[in-house]
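Good morning, everyone. Please look at the screen while I walk through a few side-chain contacts.

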There are 2 protein chains.
Amino acid sequence: MTPALILIGYGHVTRRFVRLLDESRAALAALDVHPVIVGVATRRHGRVFDGRGIDAASIADRLVASAAPQRSAADFITDALTALRAVPALTPVIIEATTLDVVDGEPATSHVRAALAGGAHVITANKGPVAFAYRELAAQAEAASRSFLFEGAVMDGIPLFNLVRETMPTVTVRGFRGVVNSTTNFVLTALERGEPFDEALARMQADGIAEADVSLDVDGWDAAAKTAALANVLLGAQTTPHDVAREGIGVETGARAVAARGRGRRLKLVATGSGQGASVSLRVRLEELADDDPLAALEGQANAIELDTWPLGHMVMTQRNGGLEITAYALLSDLVTVSKRAATARSSR
Amino acid sequence: MTPALILIGYGHVTRRFVRLLDESRAALAALDVHPVIVGVATRRHGRVFDGRGIDAASIADRLVASAAPQRSAADFITDALTALRAVPALTPVIIEATTLDVVDGEPATSHVRAALAGGAHVITANKGPVAFAYRELAAQAEAASRSFLFEGAVMDGIPLFNLVRETMPTVTVRGFRGVVNSTTNFVLTALERGEPFDEALARMQADGIAEADVSLDVDGWDAAAKTAALANVLLGAQTTPHDVAREGIGVETGARAVAARGRGRRLKLVATGSGQGASVSLRVRLEELADDDPLAALEGQANAIELDTWPLGHMVMTQRNGGLEITAYALLSDLVTVSKRAATARSSR
């Protein structure tokens with residue numbers, strides 16, 4: 001199996017993914033997965049496509065040498081997939097990792113549509129498509145016999161969606177609650193210790209963990225997008241981040257965090273979803289948690305999601321570390337899933 | 001796919017599994033899994049085999065009406081599988097759920113051997129085979145193109161082995177630590193509150209959670225067996241519970257638990273494994289944990305395992321509830337895995 005990767009967006013996560021592919025080459029080969037990069041598109045720094053394969057070390061130079069983009073990235077995807085049809089040994093896979101516009105989920109959602117329309121499998125670490133258009137895109141993928149995977153959209157690479165999809169057959173997910181935004185959890189932990197809001201936030205920005213537009217984190221938009229994504233996938237909902245009752249954190253949150261800590265409790269920004277389909281109830285709220293709550297012990301950038309299931313009861317997945325490497329791994333694990341499925345489909349033809 | 005189930009052992013878990021099969025019939029049918037029960041073997045209460053299928057409601061009566069067992073359960077398995085060869089539409093699956101002898105992992109391990117030798121897939125909720133003979137049995141299964149699955153052996157039905165096997169391709173597990181025995185965690189939580197050891201233990205026995213022989217729990221044998229199982233599967237070791245440095249809890253543990261709680265810490269029986277292959281280091285020890293340790297917040301019967309991985313860092317799976325239903329689900333989810341694999345193997349022939 002030779003996936004031909006087209007990278008849409010070439011930021012920190014995508015660059016780490018390219019290095020991880022190289023570090024994992026032997027393990028991937030053992031799974032009969034032999035990826036080649038055939039295209040890279042950036043918004044402002046050029047584009048490159050080469051059906052013969054692009055050496056990872058040359059990507060930056062070839063992007064710089066390319067002309068400034070004239071057409072949209074969606075058109076780039078369409079053109080690249082048309083060109084790849086001449087090489088049937090390659091399995092085209094679009095890796096979508098652009099910056100999210102939380103108002104409408106674009107341009108990522110258009111990229112996913114163009115990729116599926118062109119016959120490619122799609123992997124994204126972007127919350128946008130799954131938070132805004134999961135049902136439509138999943139149906140489009142199903143009709144085209146292609147995969148649409150997004151493990152990195154929530155909890156970085158911790159295999160939450162994978163867990164439910166691959167390891168919990170016949171289980172019903174009745175609801176979820178979680179701490180899903182690293183920046184706000186880090187800031188809340190710092191506020192409890194009496195650190196000023198602005199200083200804690202500045203540290204997260206310096207470390208590159210906070211969103212480029214930090215209001216996406218502190219106003220709860222990132223958590224709301226993840227809540228919508230979880231509800232669309234796990235609860236059969238058809239919602240967007242705008243349907244999530246949303247609360248954020250601010251300078252005034254410090255006193256509440258300190259007071260809660262003084263009572264042996266902890267203030268957390270908790271994303272909650274319950275119900276099924278059209279009747280889901282979704283919110284992102286500051287909540288004071290008792291110290292035996294599994295979400296209460298989360299320090300710094302840690303994330304966790306508790307699922308309420310039948311018949312497995314309440315189970316919690318906790319990610320103690322965060323970071324680029326883990327999101328990059330999500331793309332890689334989705335790539336293995338795509339390859340496995342394509343191999344199975346091929347052998348059963 | 002019609003799995004023909006032969007149930008070895010018919011205790012609480014197996015009976016709950018039979019009911020769960022019925023409750024999940026529609027969900028299983030949607031996955032094209034249509035199980036029939038064709039055999040049940042108990043140690044003292046009779047055996048029944050009927051290749052045409054046995055109605056679940058009639059199992060108890062048919063066991064009582066059957067003659068007292070003369071031959072071993074392993075022979076029963078061999079005979080049943082020989083008889084099933086006449087019905088190629090059935091896929092024989094042995095469900096092994098006998099009581100564990102922690103000294104040698106028998107008779108479960110012999111049952112698994114006989115089942116694989118007879119051409120069946122094997123599913124067990126028993127720690128014994130995987131704690132004592134994982135490598136041998138996995139090799140036997142591989143050579144016979146059969147599945148040997150044991151999701152219920154550790155953390156009941158929380159899909160830990162499944163998680164690593166199905167959702168974490170190319171990930172290296174460098175070690176694990178966990179609270180894996182519900183009885184000792186329940187007793188430790190009670191001791192912290194000043195409850196006497198014997199009373200707490202008696203409550204667990206009354207609830208049917210403690211092992212029939214309670215020394216298996218309190219002396220750390222159950223945790224040691226799970227530690228060996230985890231090491232054999234996740235760390236490539238070839239160990240048995242006897243290789244695990246082991247500690248238990250007793251009447252004298254109460255004072256330590258209360259003192260730790262007074263210091264804002266919690267006393268937990270922690271199973272730890274690190275290293276790879278022949279160089280693993282395994283132990284079950286009472287440890288005082290700080291309150292931000294994800295294992296510290298576990299109340300009552302809750303279990304959790306933290307994996308140290310590359311590149312996903314530290315991740316934790318927590319089971320907040322325990323119980324028969326969850327172990328029964330482990331058998332069901334393994335049955336779905338067996339069916340999926342068999343369907344894939346059939347279509348690629």
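How many salt bridges does a search of the whole structure find over all chains? The count is 50. Keep in mind that this is a predicted model. How confident is the predictor? For the complex, ipTM is 0.92 and pTM is 0.94. Chain A has a mean pLDDT of 93. In that chain, 99% of residues reach 70 or more.

Let's take some salt bridges in chain B. Start with B:Glu195. Its side chain meets B:Arg193 in a salt bridge, 3.6 Å from N to O. B:Glu195 also meets B:Arg203, this time at 2.7 Å, N to O. Now, which of these residues are buried, and which are exposed? B:Glu195 has a relative accessible area of 19%. The cut-off for buried is under 20%, so B:Glu195 is buried. B:Arg193 counts as exposed, because its relative accessibility is 58%. B:Arg203 has 36%, so B:Arg203 counts as partly exposed.

Next salt bridge. B:Glu288 pairs with B:Arg265. Their closest N and O atoms are 3.3 Å apart. Where do the two residues lie? B:Glu288 is in strand 10 of chain B, residues 281–289. B:Arg265 is in the loop between helix 12 (253–262) and strand 9 (266–274) of chain B. The pair therefore ties together parts that are 23 residues apart in sequence. B:Glu288 counts as partly exposed, at 29% relative accessibility. B:Arg265, at 30%, also counts as partly exposed.

One more on charges. A network of salt bridges links A:Arg177, A:Asp293, A:Glu306 and B:Arg320. Note the chain letters: B:Arg320 belongs to this network along with residues of chain A.

Now the rings. Over all chains, the structure holds six aromatic pairs. One of them is A:Tyr134 with A:Phe150. Why is this pair edge-to-face? The ring planes are at 85°, and planes over 60 degrees apart count as edge-to-face. The ring centres are 5.8 Å apart. The pair links distant parts of the chain, 16 residues apart. A:Tyr134 sits in helix 6 of chain A, residues 127–143. A:Phe150 sits in the loop between strand 6 (148–149) and helix 7 (160–167) of chain A. A:Phe150 counts as buried, at 5% relative accessibility.

Over to chain B. The rings of B:Tyr134 and B:Phe150 have centres 5.8 Å apart and planes at 85°, so this pair is edge-to-face. B:Tyr134 lies in helix 6 of chain B, and B:Phe150 in the loop between strand 6 and helix 7 of chain B. B:Phe150 counts as buried, with 6% relative accessibility.

Back to chain A for a moment. A:Tyr134 and A:Phe150 form one aromatic cluster with A:Phe148 and A:Phe161.

Rings can also sit under a charge here. The charged end of A:Arg246 is over the ring of A:Trp221, 4.0 Å from its centre. In chain B, the charged end of B:Arg246 sits over the ring of B:Trp221, 4.0 Å from its centre.

Last stop: A:Thr318. This residue lies in strand 12 of chain A, residues 313–319. Is A:Thr318 buried or exposed? A:Thr318 counts as buried, because its relative accessibility is 7%. What does A:Thr318 touch, leaving out residues up to four places away in sequence? In chain A, the contacts are A:Leu298, A:Asn303 and A:Ala304. In chain B, they are B:His314, B:Met315 and B:Val316.

Key
Residues numbered from 1 in each chain as written. Chains lettered and ligands numbered in written order. Predicted model: local features only at pLDDT ≥ 70, side-chain atom pairs only at ≥ 80, totals over all residues. Heavy atoms only, no water. Helix = DSSP H or I, 4+ residues; strand = E, 2+ residues; numbered from the N terminus. Buried < 20%, exposed > 50% of the residue type's maximum accessible area, 1.4 Å probe, protein only. Contact = heavy atoms within 4.5 Å. pLDDT = per-residue confidence, 0-100. Phe/Tyr/Trp six-rings, centres within 6.5 Å; stacked < 30°, edge-to-face > 60°. Lys NZ or Arg CZ within 6 Å of the ring centre and 35° of its normal. Salt bridge = Lys/Arg side-chain N within 4 Å of Asp/Glu carboxyl O.
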